[in-house]
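This report describes the fold of a single protein chain and the surroundings of selected residues. The sequence and the structure are shown first.

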Amino acid sequence: PTFPHGVVDKVTEVAALAAQHGVGVHVDNCLGGILLSYQDRLGLGPQHQEWTFKAPGVTTISVDIHKYGNASKGSSVVVFRDQALRR
């Protein structure tokens, strides 16, 4: 696995391809998602392409906030682009 090395998938490209075919893309941002968010915002390390809802075609994102977010063990979040996807 590449997650210990900070490798980020080409979400923008995958999401664009999926959107062409009417398929949504889920971003599994569970391990380093919180750290990556701050790294990009503060300009620490290499900048990554968009992997959030700023990338057209991304429909859901998950984050395990217990890993680096100082939340209780087992706390996780799944975020949907819009309410229609939750039905």
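Which residues form the largest nonpolar core?

The model is a predicted one. Its largest nonpolar core consists of 11 residues: Val11, Ala15, Ala18, Val25, Val27, Leu36, Trp51, Ala55, Val58, Ile61 and Val63. Two or more residues of this core come from each of helix 1 (11-20), strand 1 (25-28) and strand 2 (58-63).

## Overall organisation

The chain contains three helices and three strands, and these elements follow one another from the N terminus in the order α-β-α-β-α-β. Of the 87 residues in the chain, 25% are buried. Where contacts between residues at least 6 apart in sequence are considered, 54% join residues at least 24 apart.

The accessible surface of the chain amounts to about 6,200 Å². Carbon and sulfur atoms account for 57% of that surface.

The buried residues of helix 1 include Val11, Ala15 and Ala18. Viewed down the helix axis, the buried residues of helix 1 fall within an arc of 65°, and they therefore line one face of the helix. In general, an α-helix has 3.6 residues a turn, so residues three or four places apart point the same way. The cover over the buried residues of helix 1 includes strand 1 and strand 2. On the face turned away from the buried side, helix 1 carries the exposed residues Glu13 and Gln20.

Alanine 15, with neighbours within four places in sequence left aside, is in contact with Val25, Pro56, Gly57 and Val58. Valine 14 also belongs to helix 1; its relative accessible area of 47% makes valine 14 partly exposed. The C-alpha atom of valine 14 is separated by 8.4 Å from that of glycine 57, although the two residues are 43 residues apart along the chain. After helix 1 comes glycine 22, which has a positive phi, near 70°.

Is serine 62 buried or exposed? Serine 62, a residue of strand 2, has a relative accessibility of 8% and therefore counts as buried, the cut-off being under 20%. Apart from neighbours within four places in sequence, serine 62 is in contact with His26, Val27, Asp28, Asn29, Cys30, Val77 and Val78.

## Strand 3 and the segment after it

Phenylalanine 80 is located in strand 3 (residues 77-80). With 33% relative accessibility, phenylalanine 80 counts as partly exposed. Which residues does phenylalanine 80 touch, not counting those up to four places away in sequence? They are Phe53, Thr59, Thr60, Leu85 and Arg86. The C-alpha atoms of phenylalanine 80 and valine 58 are 9.1 Å apart, for a separation of 22 residues in sequence.

Arginine 81 is part of the segment after strand 3 and is partly exposed, at a relative accessible area of 36%. Leaving aside neighbours within four places in sequence, arginine 81 is in contact with Phe53, Ala55, Pro56, Gly57, Val58 and Thr59. One of these residues, phenylalanine 53, lies 28 residues from arginine 81 in sequence, with 6.7 Å between the two C-alpha atoms.

## A nonpolar patch on the surface

Which residues form a nonpolar patch on the surface? The patch is made of Tyr38, Leu42 and Leu44, and together these residues have about 340 Å² of accessible area. Leucine 42 is situated in helix 2 (residues 33-42). Its relative accessible area is 58%, and leucine 42 is therefore exposed, the cut-off for this class being over 50%.

Terms used
Residues numbered from 1 in each chain as written. Predicted model: local features only at pLDDT ≥ 70, side-chain atom pairs only at ≥ 80, totals over all residues. Heavy atoms only, no water. Patch = residues over 30% accessible without salt bridge, like charges linked within 9 Å, V, L, I, M, F, W, Y side chains within 5 Å. Areas by Shrake-Rupley, 256 points an atom, 1.4 Å probe, with all protein chains shown as cover. Salt bridge = Lys/Arg side-chain N within 4 Å of Asp/Glu carboxyl O. Helix = DSSP H or I, 4+ residues; strand = E, 2+ residues; numbered from the N terminus. Buried < 20%, exposed > 50% of the residue type's maximum accessible area, 1.4 Å probe, protein only. Core = buried A, V, L, I, M, F, W, Y, C linked by side-chain atoms within 4.5 Å. Contact = heavy atoms within 4.5 Å. Arc of directions from axis to C-beta.
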